[in-house]
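The sequence and structure are shown first.

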Amino acid sequence: MTYQQAGRVAVLKRIVGWIIFIPALLSTLISLLNFVYEHSKTKQGINAVMMDFVHVMVDMVKFNTPFLNVFWDNAPLPVLGQGVTSANIMFIVIFWLIFVGLALQTSGARMSRQVRHIRENVQDQLIMEQAKEGEARTKEQIEQRIVIPRHSIFMQYFPLYILPIIIAVIAYFVLKLIGLLA
C-alpha cells in the first residue's frame with residue numbers, strides 16, 4: 001500500500017471508529033441507566049432515599065434528551081441472575097463495540113501519524129535529490145519505494161482486550177457498592 005492510500009485508509013478508519021464508538025457508548029450508558037432505573041424501584045430503608053434520587057436523576061436525563069429516544073427505546077436492558085439471555089448478549093456485544101471503535105480510531109491515528117512523517121521525509125529527500133546534479137531521483141521514484149504495512153485493529157491489545165475487562169470489573173464493584181447486585 002502506498003502512503004497516499006494509507007492516508008485515505010487512516011482517515012476512513014478514524015471516521016468508522018467514531019461512527020461505531022459514539023452510538024455504542026450511548027447505547028451502553030442508556031442501558032446502564034435503564035438498569036439502575038428498574039432496580040431503583042424495589043429498595044427499602046436507607047437505600048430507598050438514595051435510589052429515589054437515582055430514579056429522579058434518570059427520569060430527568062430521559063426527559064431532557066428526547067433526541068436520544070431511539071436509544072432509550074431500543075437499548076438492551078441487562079438482566080442479572082438469568083444466565084445467557086438475548087438482552088445480555090446484545091448488551092455485551094454493544095459494550096465491546098465501544099472498544100472496537102476505539103481500536104479503529106487508534107489504528108487510524110497511528111497510520112495518519114506515520115503518513116504525515118513519511119510525507120515530510122519524502123519532501124526532505126526530494127530536496128536532497130535536487131541538490132545532487134546527475135543522479136537525482138524524482139518524487140515518483142522515491143514514492144515507489146515506500147511500502148506502508150497494514151495495521152490491524154486486533155493488534156491494539158490494551159483498548160480491545162484489557163480495557164473492557166478493567167471497565168467491567170470497575171462497573172461490577174460500583175453496582176455492588178450502590179446495592180444493585182446481590
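One aromatic cluster is formed by Phe91, Phe95 and Phe99. The model is a predicted one, in which local features need pLDDT of at least 70, side-chain atom pairs count only at pLDDT 80 or more, and totals for chains, interfaces and linings use all residues. Residues are numbered from 1 along each chain as its sequence is written, and side-chain values use heavy atoms, with hydrogens and water left out.

The structure contains five aromatic pairs. Rings of Phe, Tyr and Trp (its six-membered ring) are paired if their centres lie within 6.5 Å; planes under 30 degrees apart count as stacked, over 60 as edge-to-face and the rest as tilted. Two of the pairs are tabulated below.

| Pair | Centre to centre | Angle between planes | Class |
|---|---|---|---|
| Phenylalanine 91 and phenylalanine 95 | 6.4 Å | 15° | stacked |
| Tyrosine 172 and phenylalanine 173 | 5.5 Å | 70° | edge-to-face |

Phenylalanine 91 and phenylalanine 95 are separated by about one helical turn, because they lie four residues apart in helix H4. Helices (H or I, at least four residues) and strands (E, at least two) are DSSP runs, numbered from the N terminus. Both phenylalanine 91 and phenylalanine 95 are buried, where buried means under 20% relative accessible area, exposed over 50% and partly exposed in between (1.4 Å probe, protein chains only). Tyrosine 172 has a relative accessibility of 41% and therefore counts as partly exposed, while phenylalanine 173, at 51%, counts as exposed.

Helix H1 holds phenylalanine 35, which counts as buried at 3% relative accessibility. Phenylalanine 35 is 45 residues from leucine 80 in sequence, with a C-alpha to C-alpha distance of 9.7 Å.

Two packed helices are described by the angle between their axes and the distance between the axes. For helix H1 (residues 3-39) and helix H4 (residues 86-131), the axes come within 6 Å and cross at roughly 155°. H1 is therefore roughly antiparallel to H4; angles under 35 degrees count as roughly parallel, over 145 as roughly antiparallel, 65 to 115 as roughly perpendicular and the rest as oblique. The contact of H1 with H4 comprises 23 nonpolar, ten polar and three charged residues.

Confidence is expressed as pLDDT, the predictor's confidence in each residue, from 0 to 100. The protein chain has an average pLDDT of 85, and 94% of the residues score at least 70. Confidence is highest in helix H3 (residues 69-74), at a mean of 92, and lowest in helix H5 (residues 139-144), at 78.

Key: Axes fitted to C-alpha atoms, helices over the stretch in contact; angles between N-to-C directions. Nonpolar A, V, L, I, M, F, W, Y, C, P; charged D, E, K, R; others polar.
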